[in-house]
Amino acid sequence: QVQLVESGGGSVQAGGSLRLSCAASGRTFSSYVMGWFRQAPGKEREFVASMDWNGGRTYYADSVKGRFAISRDNAKNTAYLQMNSLKPEDTAVYYCAARYYTSREYPYWGQGTQVTVSS
């Protein structure tokens, strides 16, 4: 089992920045792909970003490319999502998720953290 706890959400004006953190406990963190997803009110949950287990490759949704950056510190069992140039449409509950590097699905999810961007 992997337990995930997000932090760092909050309210910010458009153009501002936030950094989300995802602290993981349980099995070997470095063997897991870490992902960030978000769900806005009335919308389905969507992929935001992910990073390979060794930090070698990153993937981003087109809507956040150039503005968001995913990173991880395996020594601290923590993943991060740096969000810059925030827009009102980035408002959502943000979730971190983990999957073993050989798996396709994300079985482990955090509780979510609210990000609100005002215009």
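Let's start with Glu-46: its relative accessibility is 35%, so it counts as partly exposed. Here buried means under 20% relative accessible area, exposed means over 50%, and partly exposed lies in between, with a 1.4 Å probe and protein chains only. This is a predicted model, where local features need pLDDT of at least 70 and side-chain atom pairs count only at pLDDT 80 or more, while totals for chains, interfaces and linings use all residues. Residues are numbered from 1 along each chain as its sequence is written, and side-chain values use heavy atoms, leaving out hydrogens and water.

Now, who is the partner of Glu-46? Glu-46 forms a salt bridge with Arg-38, and their closest N and O atoms are 2.6 Å apart. By salt bridge I mean a side-chain nitrogen of Lys or Arg within 4 Å of a carboxyl oxygen of Asp or Glu. Arg-38 is buried, at 6% relative accessibility.

Arg-38 also forms a salt bridge with Asp-90, with 2.9 Å between the closest N and O atoms. That pair links distant parts of the chain, 52 residues apart: Arg-38 sits in strand β4 (residues 32-39), and Asp-90 in the loop between β8 (78-83) and β9 (92-100). Strands are DSSP runs of E, at least two residues, numbered from the N terminus. Asp-90 is buried too, with a relative accessible area of 0%.

Next, please find Arg-57 and Asp-52, whose side chains meet in a salt bridge at 2.9 Å, N to O. Is each one buried or exposed? Arg-57 is exposed at 52% relative accessibility, whereas Asp-52 is buried at 12%. The structure holds five salt bridges.

Note on methods:
Helices (H or I, at least four residues) and strands (E, at least two) are DSSP runs, numbered from the N terminus.
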